[in-house]
Amino acid sequence: MRLLFLGDVVGRSGRDAVIAHMPTLRDRLDPDLTVVNGENAAGGFGITVKIAEEFFAAGVDVVTLGNHSWDQKELVAAIDQQPRIIRPLNYPEGTPGRGFVLLQARGGRKVLVMNVMLRLFMDPMDDPFAAVDRVLRAHRLGPNGADAILVDVHGEATSEKMIMGHFCDGRASLVVGTHSHVPTADHVVMKGGTAYLTDAGMCGDYDSAIGMKKEVAMAKLIRKLPTERLSPAEGEGTVCGCYVETDDRTGLATSIQPVRLGGRLSQSMPVRG
């Protein structure tokens, strides 16, 4: 299978970049499944159903979230009716929404997409490792199970993300980090066959402070003065993420390549195997 994952979408710049580049990505890579982290898509804080539907119309299959899941209050009431928008699965019991979705890809193949939030330097959450383990035990990768499993690991600490990668190695097709908004260069197929990337990077304007207007962030950090609310930078966005190909028999990864298109960063378009 071919899996495409795009990192945190920040504001209109990120949304426009994703929608503008999706036709090229679909034509060149022909992904069986496309996942986008949309937790900063609405003005940098959360996502609305309307924005999620724009992603779906562009060819996105699943939208994952993170610590800004509930910044747009409408989603609290709406997420239970939106099975393709998933929030971190280790929110406390009773939180609206769901932490994973099992859906059918082309050819009737089953794909599991999971979203989990880590704890170092983040909000207190239920144990992410226990939560992931429960899902992976119930939905095993390979024959008679899921044909592919993708895990979006939303966290601050690179070490904790790497530990989650090792924890899932051999049990997932892809473990990819989000939240840091900076693409890392450590894409690798791990020993057990799981593709791993510490952070996919953001889809947004990189002439910024991780997607937000740099002038406001500079005034806040350098002069320690009250400032206006942070808002997304508005220049041309870069689409960042990764592209993974898997073995149809085992569901494990055979390759992982970075995606960087448009904007200010060095460009990287994967080559389809």
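The legends below describe close-up views of a predicted model.

**View 1. Packing of helix H1 against helix H2 in the predicted model.** The axes of helix H1 (residues 11–29) and helix H2 (residues 49–58) come within 9 Å of each other, and they cross at roughly 15°. The two helices H1 and H2 are therefore roughly parallel to each other, and their crossing is right-handed. On the H1 side the residues that meet H2 are Arg-15, Val-18, Ile-19, Met-22 and Arg-26, whereas H2 contributes Ile-51, Glu-54, Phe-55 and Ala-58. Of the residues in this contact of H1 with H2, six are nonpolar and three are charged, while no polar residue takes part.

View 2. In the model, His-68 is found in the loop between strand S3 (62–64) and helix H3 (74–78). When its neighbours within four places in sequence are left aside, His-68 is in contact with Glu-39, Asn-40, Phe-45 and Gly-46.

**View 3. The open sheet of six strands, with the pairing of S7 and S8.** Six strands, in the order S5-S6-S7-S8-S10-S9, form an open sheet in which the pairing is mixed. The edges are taken by strand S5 (100–104) and strand S9 (188–189), each of which has a single partner strand, so that one side of each is left without a neighbour in the sheet. Strand S7 (residues 148–154) pairs with strand S8 (residues 174–178) in the parallel sense, over five bridges. Val-153 has Gly-177 as its bridge partner in S8.

**View 4. Helix H4 lying across strands of the sheet.**

**View 5. Packing of helix H4 against helix H5.** Helix H4 (residues 128–138) and helix H5 (residues 158–168) have axes that come within 11 Å and cross at roughly 25°, an angle that makes H4 roughly parallel to H5. H4 passes H5 in a right-handed crossing. From H4, the contact is made by Pro-128, Phe-129, Val-132, Asp-133 and Leu-136, and from H5 by Glu-160, Ile-163, Met-164, Phe-167 and Cys-168. The residues of this contact of H4 with H5 comprise eight that are nonpolar and two that are charged, with no polar residue among them.

Notes
Residues numbered from 1 in each chain as written. Predicted model: local features only at pLDDT ≥ 70, side-chain atom pairs only at ≥ 80, totals over all residues. Heavy atoms only, no water. Axes fitted to C-alpha atoms, helices over the stretch in contact; angles between N-to-C directions. Helix = DSSP H or I, 4+ residues; strand = E, 2+ residues; numbered from the N terminus. Parallel < 35°, antiparallel > 145°, perpendicular 65-115°, else oblique. Left-handed = near helix turned anticlockwise from the far one by under 90°. Contact = heavy atoms within 4.5 Å. Nonpolar A, V, L, I, M, F, W, Y, C, P; charged D, E, K, R; others polar. Pairing = 2+ DSSP bridges.
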